[in-house]
Amino acid sequence: MLHGSPYRADCPTRHILDRIGDRWTVLVVGALWDGSARFSELRRRIEGVSQKMLTQTLRGLERDGLVRRTVHPQVPVRVEYTLTEAGRTLRAPLRALEEWSIAHLGDVTASQEAYDRAD
């Protein structure tokens with residue numbers, strides 16, 4: 001078993017934290033929680049994500065073993081994305097962050113406005 005410390009600059013856990021801390025990762029994991037989705041479905045569910053960013057995010061998640069890409073050989077070819085078992089374990093902590101952001105939206109917004117006024 002590998003042990004790591006994300007506080008060390010050379011530790012691979014930094015890559016993992018970069019991946020799971022990325023806003024598009026958070027939203028992709030959330031969009032895939034209920035099951036598989038095609039690329040176009042994900043783009044509709046995640047407003048504001050570009051085709052390029054969604055492609056990069058999905059490829060990174062697939063490389064890290066968090067998302068499975070399944071190609072269905074039909075005409076036209078159908079590709080679906082699903083969370084792997086490891087990807088599903090991310091849902092609870094990422095859901096907590098999502099809920100925190102909703103619960104504290106007013107406080108954060110008020111702090112930002114006060115900071116900007118003082119500047």
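Colleague: Why is Thr57 called buried?

Modeller: Its relative accessible area is 4%. Buried means under 20%, exposed over 50% and partly exposed in between, with a 1.4 Å probe and protein chains only, so Thr57 qualifies as buried. Please bear in mind that this is a predicted model, in which local features need pLDDT of at least 70 and side-chain atom pairs count only at pLDDT 80 or more, while totals for chains, interfaces and linings use all residues. Residues are numbered from 1 along each chain as its sequence is written, and side-chain values use heavy atoms, with hydrogens and water left out.

Colleague: What makes α2 and α4 roughly perpendicular to each other?

Modeller: Helix α2 (residues 23-32) packs against helix α4 (residues 51-63) at an angle of about 75°, the axes being 10 Å apart. Axes are lines fitted to C-alpha atoms, for helices over the stretch in contact, and angles run from 0 to 180 degrees between N-to-C directions. Angles under 35 degrees count as roughly parallel, over 145 as roughly antiparallel, 65 to 115 as roughly perpendicular and the rest as oblique; α2 and α4 are therefore roughly perpendicular.

Colleague: Which residues meet where α2 and α4 are in contact?

Modeller: From α2 come Trp24, Thr25 and Val28, and from α4 come Met53, Leu54, Thr57, Leu58 and Leu61. The residues of this contact comprise 6 nonpolar, 2 polar and no charged. Here Ala, Val, Leu, Ile, Met, Phe, Trp, Tyr, Cys and Pro count as nonpolar, Asp, Glu, Lys and Arg as charged, and the others, Gly among them, as polar.

Colleague: How do you know that strands β2 and β3 pair?

Modeller: Two strands pair if DSSP finds at least two bridges between them. Strand β2 (residues 67-72) and strand β3 (residues 78-83) have 6 bridges, in the antiparallel sense, and β1 is joined to β3 by 2 bridges, also antiparallel. Val67 is the bridge partner of Leu83, Val71 that of Val79, and Ala37 that of Tyr81.

Colleague: Why is one side of β1 and of β2 left without a neighbour in the sheet?

Modeller: The open sheet has 3 strands in the order β1-β3-β2, with antiparallel pairing. β1 (37-38) and β2 stand at its edges with a single partner strand each, so one side of each has no neighbour there. Helix α2 lies across β1, β2 and β3 and runs at about 100° to β3.

Colleague: What makes Glu80 buried, and which side chains make polar contacts with the side chain of Glu80?

Modeller: Glu80, in strand β3, has a relative accessible area of 19%, so it is classed as buried. A polar contact is a pair of N or O atoms within 3.5 Å; within protein, one must be able to donate a hydrogen and the other to accept it, and residues adjacent in sequence count only if both atoms are side-chain atoms. The side chain of Glu80 reaches that of His72 at 3.2 Å and that of Arg78 at 2.8 Å. Across the sheet, Arg38 stands opposite Glu80.

Colleague: Why does Pro12 count as exposed, and why does Ala118?

Modeller: Pro12, in the segment before α1 (13-21), has 58% relative accessibility and therefore counts as exposed. Ala118, in helix α7 (residues 105-118), stands at 71% and so is exposed as well.

Terms used: Helices (H or I, at least four residues) and strands (E, at least two) are DSSP runs, numbered from the N terminus. Contact means heavy atoms within 4.5 Å.
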